[in-house]
Amino acid sequence: MPTPTPHDDRVHSEEFLHTLMRRQLKLSIACAAAFLVVLLGLPLANYFAPALMATRVFGFTLSWLVLGVLFFPAVWSISWYFIRHSIALEDDEVKSVKR
Amino acid sequence: MTTLAFLNGVDPWIFAFSFVTVAATIWMGFRSAKTSKTASDFFVAGRSVSVGWNASAISGEYLSAASFMGVAGMVMSSGYDALWYPVCYACGYLFLLLFIAGPLRRFGAYTIPDFAEGRYDSPVFRKIAVCFVLFIGFFYTMPQMKGAGTVLAYIFPGMPYWGGVVLVGTVITLNVALGGMKGITLVQAFQYWIKLFAITVPVFVLMAVYGLYNGHVSANTPAGVPAGIERKALVEKAPKDDKWVAPFGPLTTKAVNAAAAVLPAEERPAYLAEHQKPYSLLYTYSLIIALVCGTAGLPHILVRFYTNPDGVAAKRTTMWVMILIGVFYVFPPVFGVIGRNLMPELYTGLAGIKGTDQVVLKLPTLLSEKYGALGSILSGITCAGAFAAFMSTFSGLLVSMTGALAHDVYGRMLRPQATQAERLVAFKFAAVLIGGVAIGLGCFVEPLEINFMVGQAFAIAAASYFPLLFMSVWWRGMTMKGAATGMLSGGLCALIAAALTNFSTLALDKGPMGKVFAGFAPLNGFWAQHPLLRILCEQPAIWTVPLSIGLMVFVSKATAASVPGDIRMKMLVLHAPEDLGLKQEYIQEHSHGAGH
């Protein structure tokens, strides 16, 4: 058997796992929600406001501009936000155990 | 010189660029073959690949013939609706990043079947998971082979379609058999940069000469063509401007239009007004679900996450992959848009080959009118990019499928006591076997669109691996029976639906394939009567993904007693940061307790 480390009990408690998963899932779901609003909202906008989405912006239709160009940077910023917070969250967890 | 007759009509520039790409790929594969010695090197590159290399390699592997040629062709033929493909191919990684990448890497296993067995302590489940690596893999290799056949037929005008498939398939199979995964990581990373270069340089030159992206989109309007943009008259087969540039165009309304065509003429307008838009919306949503969830469930991409040193690196890699492929995916639609204005003759199509799939290769040759050899050079560059595309994706698929066969079937099921040397021989043998089957399948699919076939592979992955990984990582109540029932039902339903759609399309072919699949011709009459069923078969994700997840929850609840006993420890390993050192603890405990 490996020698038990002092923080063992806390790490193996039900409460620790529960908080761990809940905090990470909450962050993931918040980011996913932001993404899904745009992704699933665009077909709805095309469906209910076709005239607005067909407005020409720099020669593109508004809908084309959003989907073909602006969508990518939007997703990058969501993922950048997620990475930053997710790594901070993990550092925090490690600190809270090793303290 | 009769032996070199096939070289007649070959453009030397196009040939030279393609040849250099292929030769460099093979050389790199062989060179790194010398440095990969152990089984771990072959399967996951010793788990020591840095974030930059790994992100380039994943991107290189992911950008397939569908991305390089298919997306441009589909944007040209279908307009706005086809834009969902590149966007969802790129953005699907967000789901992978948010829910799966980190935990999956932490669990530490060579392959998805390893994960399936480890999470549920069930060797039976491993066998089911292995089947899906092969199902998805073969579905995904078919469009790569079609890409290979199309490009070689373009470079060597006399070459039959199957000749290109056999030639390219053989070269890559040998490369994988000799180099293994470590060689592939290097080659894949290199090929991402070839592909990015090969798509951007011709786009910028074309835009500098013929007008910008937005200018070419704006030409598709009744108001007339803006100043500075050239446009040739559209051929009859091309979709009309208003349909092409707007959502719910030719791609998503095909089934409804086919249904309307068999109605009496006076009923058609009312029928179309009632059904066309709602059904298109359904099609669009189903496509989005398939592509976004499917990206998070592709076995040949997932296996790469195990080459990251830890969970944080896995997340960082995913973010870089999204940036690298996002940058790439802005450009293929530009080819489609400019191609529509300047090369409308592609809509008519050549015998057997769908013309628009060639737009990326052919469009740069326009420049030859003004600048001589520049057109050929740029066309040679896009050909080199296309080679890089199907070679890298095919070799990645081959590695993951070979891994499944050599590592899971041979190493775990048939001969668990095999030595390192025997495993390496098994890897090489399995690579040749799978390469052979893929080449055989590739010869059948000439009449199908590249991008469409890849979409189907995504739909199968979305209904099988995505629910498995997502639920296994986040819900501890999952049981093996629940996971297996959900994955099998969802995945098989998607597989059957996709196969039926393909068989009915192949039955319409005027060439030899039409005869082979003639038995499925009556299906097309059925589709015309029931356009909704056609859409649900062509894009099955909207019902197969919920079916799969629903069954997982339902069956797991019913068999709640069989949740693995050490589930808390498993969940800790999946979610706790590596710094806490739980993984080593888990391995020790596990080898004491379970006894394997």
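In this predicted model, 52 residues of chain A are in contact with 59 residues of chain B, contact being heavy atoms within 4.5 Å. Put together, the two chains bury about 5,100 Å², with 75% of that on carbon and sulfur atoms; buried area here is the accessible area (1.4 Å probe) that two parts lose on being put together, summed over both. On the chain A side, the residues that lose the most area to chain B are Tyr47(A), Trp64(A) and Phe72(A), which together make up 15% of what that side buries.

A word on conventions: residues are numbered from 1 along each chain as its sequence is written, and chains are lettered from A in the order in which they are written. Local features need pLDDT of at least 70, side-chain atom pairs count only at pLDDT 80 or more, totals for chains, interfaces and linings use all residues, and side-chain values use heavy atoms, with hydrogens and water left out.

Back at the interface, there are two salt bridges between chain A and chain B, a salt bridge being a side-chain nitrogen of Lys or Arg within 4 Å of a carboxyl oxygen of Asp or Glu. One such pair is Arg106(B) with Glu90(A), at 2.6 Å from N to O.

Which elements of chain A give two or more residues to the side that touches chain B? They are helix 1 (8-11), helix 2 (14-48), strand 2 (60-61) and helix 4 (62-98). Helices (H or I, at least four residues) and strands (E, at least two) are DSSP runs, numbered from the N terminus. Helix 4 of chain A gives the most, with 21 residues.

Taken by itself, chain A has four helices and two strands, in the order α-α-α-β-β-α from the N terminus. Of its 99 residues, 40% are buried, where buried means under 20% relative accessible area (1.4 Å probe, protein chains only).

Chain B is built from 27 helices and zero strands. Buried residues account for 63% of its 596 residues. Among its contacts with a separation of 6 or more, 83% are between residues 24 or more positions apart.

Ala101(B) sits in helix 5 (residues 84-107), and it counts as buried because its relative accessibility is 1%. Neighbours within four places aside, Ala101(B) is in contact with Leu96(B), Phe305(B), Ala314(B) and Thr318(B).

The other residue, Thr382(B), belongs to helix 18 (residues 373-414) of chain B. Thr382(B) is buried too, at a relative accessible area of 0%. A polar atom of its side chain lies 3.2 Å from the backbone oxygen of Val360(B). Beyond its neighbours within four places in sequence, Thr382(B) is in contact with residues including Phe68(B), Ala198(B), Pro202(B) and Phe335(B).

Technical notes:
Buried < 20%, exposed > 50% of the residue type's maximum accessible area, 1.4 Å probe, protein only. Polar contact = N/O pair within 3.5 Å; in protein donor to acceptor, adjacent residues only side chain to side chain.
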